[in-house]
Amino acid sequence: MQVPILLSAENPKEALKTLTYWMNNEPVTILLIIGENEVAQKVMDKMTNLLNSNDPFYKGVVVIQVPEIKYILEKLKTLKVNPRINLIPWNTIDEYVMISISNVYHNIGDFVLASKYTNRPIYYIERLIFKALAFDKELSI
């Protein structure tokens, strides 16, 4: 059974080390789940089901829950962002529930607000994965 990875909520160095490992050593698309609130838990539950559904679409996806986004925020700010989306409002990052990161170039594919996720969960999950895959290339922005 595949389970999401939980970054440390107490140790900033350990949280960053775990994220860096998954970015640099495993060829996977990463879905970061931000926070430990009710919406984040709904995403985690849905993703656990999808990861274990035998659907080949989810085989190359790793889900990482980030209880303390501040621990990895500087690392995220260094990543290039899909040029078709607006710049990420880092000062309000706590309002978001998911960010996708591509598996080779480590670009941010997309992000979704927590307030929007519950309207169409599967749509937002799949959109984030597709956008990470689509923008897994050299971005010169």
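Where is N54 found? I located N54 in the loop between α2 (38-51) and β3. I took helices (H or I, at least four residues) and strands (E, at least two) as DSSP runs, numbered from the N terminus.

**Ground rules.** I am working from a predicted model, where local features need pLDDT of at least 70, side-chain atom pairs count only at pLDDT 80 or more, and totals for chains, interfaces and linings use all residues. Residues are numbered from 1 along each chain as its sequence is written, and side-chain values use heavy atoms, with hydrogens and water left out.

I checked phi at N54. N54 is not a glycine, yet its phi is positive, about 70 degrees. I then looked up its accessibility. N54 counts as exposed because its relative accessibility is 64%. My cut-offs: buried is under 20% relative accessible area, exposed is over 50%, and partly exposed is in between (1.4 Å probe, protein chains only). H106 also went on the list. H106 has a positive phi of about 60 degrees and is not a glycine. I found H106 in the loop between β4 and β5. H106 has a relative accessible area of 15%, so it is buried.

**Whole chain.** I counted 5 helices and 5 strands. From the N terminus the order reads β-α-β-α-β-α-β-β-α-α. The radius of gyration is 14 Å, close to the 14 Å that the globule rule gives for 141 residues, so the chain is as compact as a globular protein of that length. I took that radius over C-alpha atoms; the rule is 2.2 Å times the number of residues to the power 0.38. The C-alpha trace spans about 35 × 35 × 30 Å along its principal axes. Of the 141 residues, 48% are buried.

I also looked at contacts (heavy atoms within 4.5 Å). Among contacts with a separation of 6 or more, 69% join residues 24 or more positions apart.

**Cores.** I searched for nonpolar cores, meaning sets of buried Ala, Val, Leu, Ile, Met, Phe, Trp, Tyr and Cys residues joined through side-chain atoms within 4.5 Å. The largest has 28 residues, and L32, I64, I72 and I99 have the most contacts inside it. At least two residues each come from α1 (12-25), β2 (29-34), β3 (61-66), α3 (73-77), β4 (96-101) and β5 (108-113). Helix α1 gives the largest share, 4 residues. Another core, of 21 residues, lies apart from this one and includes L31, L51, V112 and I125. In soluble globular proteins, nonpolar side chains tend to be buried together.

I followed up I72. Not counting residues up to four places away in sequence, I72 touches L7, A15, L16, L19, L32 and V66.

**T29.** Which strand holds T29? I placed T29 in β2. T29 counts as buried because its relative accessibility is 3%. Leaving out residues up to four places away in sequence, T29 touches G60, V61, V62, I101, N103, A132 and L133.

**V81.** I found V81 in the loop between α3 and β4. V81 is at 12% relative accessibility, so it counts as buried. V81 and I108 are 27 residues apart in sequence, with their C-alpha atoms 4.7 Å apart in space.

**F130.** F130 is in helix α5 (residues 121-134). Is F130 buried, exposed or partly exposed? F130 counts as partly exposed because its relative accessibility is 47%.
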